[in-house]
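Okay everyone, thanks for coming.

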Amino acid sequence: GNWLGMIGGGQLGRMFCQAAQSMGYKVAVLDPIERCPAGAVADLHIQTAYDDQAGLARLSERCAAISTEFENVPALSLQKLAAHSRVSPAAEAVAIVQDRILEKAFIGKMGVPLAPYAAIHGRDDIERAPSTLFPGILKAARFGYDGKGQARIASREQALEAFDSFGGAACVLEALMPLESEFSVVLARGFDGRAVTYPCARNEHHDGILAVSTVATEFSAAEAALHRQAGQAALNIAQGLGYYGVLCVEFFVLRDGALVANEIAPRPHNSGHYTMDACVTSQFEQQVRVMAGLPLGSTDSLCPALMLNILGDVWFDPATGEKREPDWSAVLRTPNAKLHLYGKQEARRGRKMGHINLVAPTLSAARDAAAAVAGALHMPFSL
Ligand code: ATP
Ligand code: MG
Ligand code: MG
């Protein structure tokens with residue numbers, strides 16, 4: 001009776017398993033990859049494809065509640081599971097969020113501002129796109145992450161070339177915006193419709209991949225106003241989607257101070273990893289609570305925090321280029337550094353392998369600690 005189900009075996013599923021197990025639940029993970037991060041710690045790993053009928057049936061026989069950590073799970077699989085189990089988020093919500101064209105139309109319908117964009121189904125749509133969308137970014141409508149499936153384009157000609165290079169798959173073309181900063185809101189919404197939001201994380205990306213999130217406990221009046229606006233937008237989006245579970249909305253702050261939404265993630269988010277060490281309730285525990293129909297926990301943060309992503313790059317010796325295990329003891333010499341590793345089988349450049357949370361009485365102390373840790377790992381760090 002106390003089993004929870006998870007579709008997807010990546011690090012988000014792993015941290016979910018750990019949160020669920022610490023609350024006395026057993027977890028069954030469905031993922032095709034042997035010894036995947038979540039499968040390795042789950043109580044049961046159903047090693048099969050996300051659309052395998054027999055595997056899905058086993059998962060839903062075992063688990064009264066099922067969630068996902070992976071936005072590209074086939075919506076049809078979630079729909080099938082819903083016949084026997086309580087599935088959150090629902091197929092209908094995930095189907096919108098996993099397709100940038102539907103996602104942007106939905107965000108716009110909720111009255112939340114977006115960067116100017118056009119849906120691109122064929123070359124004609126690029127020919128017809130307003131000139132205000134150039135320079136821009138062409139993003140494949142489906143399956144993109146960490147900046148993959150995107151091309152920055154200076155002109156209409158380049159957009160046509162990029163579209164062809166994506167094999168003519170549906171895309172959105174977005175105007176390149178002058179960004180002042182980026183931040184995100186993580187929200188949890190229970191089956192009673194009650195929702196809670198976490199303090200906003202300010203995000204820095206390198207090469208399209210999240211590198212650093214910082215979370216202050218004190219904000220300027222202008223920041224606080226932006227965060228309130230973003231929190232309200234995220235609530236409207238969750239309500240409009242009929243969403244139950246944990247969700248993240250990414251935002252841009254433009255140079256003129258305006259706020260625009262970028263995208264929605266229908267799951268706990270990399271920028272919410274700081275909650276594991278800095279908040280009363282982590283985003284993964286919140287996911288457990290929603291699924292199990294338990295009351296939501298406090299989202300209060302206890303101290304300023306900084307999260308540093310660990311990419312596979314740090315496995316490569318900067319002097320020799322050879323692969324070796326990084327010197328974690330050098331990291332942990334910084335006593336307020338909390339190391340989280342995902343147990344991935346192979347370190348590759350650009351692959352998310354873990355993260356480090358730095359918790360400190362002030363954000364500047366957290367930054368100093370992060371600089372020391374990054375130095376020990378020979379990682380670039382600048383803030
Ligand atoms: P994620 O790993 O967050 O899912 P993704 O591949 O879905 O990433 P986006 O979030 O769309 O990609 O974009 C990645 C980053 O590229 C953004 O965080 C931002 O830094 C930059 N970016 C995206 N769209 C724009 C834009 N319209 N104008 C300026 N910068 C942008
Ligand atoms: Mg994305
Ligand atoms: Mg993003």
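Predicted model: local features only at pLDDT ≥ 70, side-chain atom pairs only at ≥ 80, totals over all residues.

You're looking at twelve helices and 18 strands. The C-alpha trace spans about 55 × 50 × 45 Å along its principal axes. Of the 383 residues, 45% count as buried. And if you take contacts with a separation of 6 or more, 61% of them are between residues 24 or more positions apart.

Next, the domains. The protein is divided into domain 1, residues 3–87, domain 2, residues 116–175, and domain 3, residues 179–376. The centres of domain 2 and domain 3 are 28 Å apart, taken over C-alpha atoms.

Let's zoom in on helix H7, residues 156–165. Which of its residues are buried? Those are Ala159, Ala162 and Phe163. They sit on the same side of H7, because they cover an arc of only 100 degrees around the axis. Here's the general idea: an α-helix has 3.6 residues a turn, so residues three or four places apart point the same way. Glu157, Asp164 and Ser165 are exposed, on the face turned away from the buried side of H7. And what covers the buried residues of H7? The cover includes strands S6, S7, S8 and S9, along with helix H6. After H7 comes that glycine I promised you, glycine 167, with a positive phi near 75 degrees.

Now for the ligand. There are 19 residues around ligand 1, and Ala115, Tyr145, Asp146, Glu174 and Met177 come nearest. The shell divides into six nonpolar, six polar and seven charged residues. Strands S7, S10 and S15 each supply at least two residues of that shell. Why do we say ligand 1 lies between domain 2 and domain 3? Because both domains give residues to its shell.

Aspartate 146 is in the loop between S7 and S8. Its phi is positive, near 50 degrees, and it isn't a glycine. With 16 other C-beta atoms within 10 Å, aspartate 146 is partly exposed. Arginine 35 is another non-glycine with a positive phi, about 55 degrees. You'll find arginine 35 in the loop between strands S2 and S3, and it is exposed, with 12 other C-beta atoms within 10 Å.

Why point these out? Most residues other than glycine have a negative phi, and most peptide bonds are trans. Another joins phenylalanine 134 and proline 135, with omega about -10 degrees. Proline 135 is in the loop between H6 and S7.

Last stop: glutamate 346, in the loop between strands S17 and S18. It counts as exposed, because it has 9 C-beta neighbours inside 10 Å. From glutamate 346 to glycine 312 it's 34 residues in sequence, and 8.3 Å in space, C-alpha to C-alpha.

Notes: Residues numbered from 1 in each chain as written. Chains lettered and ligands numbered in written order. Helix = DSSP H or I, 4+ residues; strand = E, 2+ residues; numbered from the N terminus. Buried ≥ 20, exposed ≤ 12 C-beta atoms within 10 Å, placed from the backbone. Contact = placed C-beta atoms within 7 Å. Domains from an automatic or database assignment. Arc of directions from axis to C-beta. Near = placed C-beta within 6 Å. Nonpolar A, V, L, I, M, F, W, Y, C, P; charged D, E, K, R; others polar.
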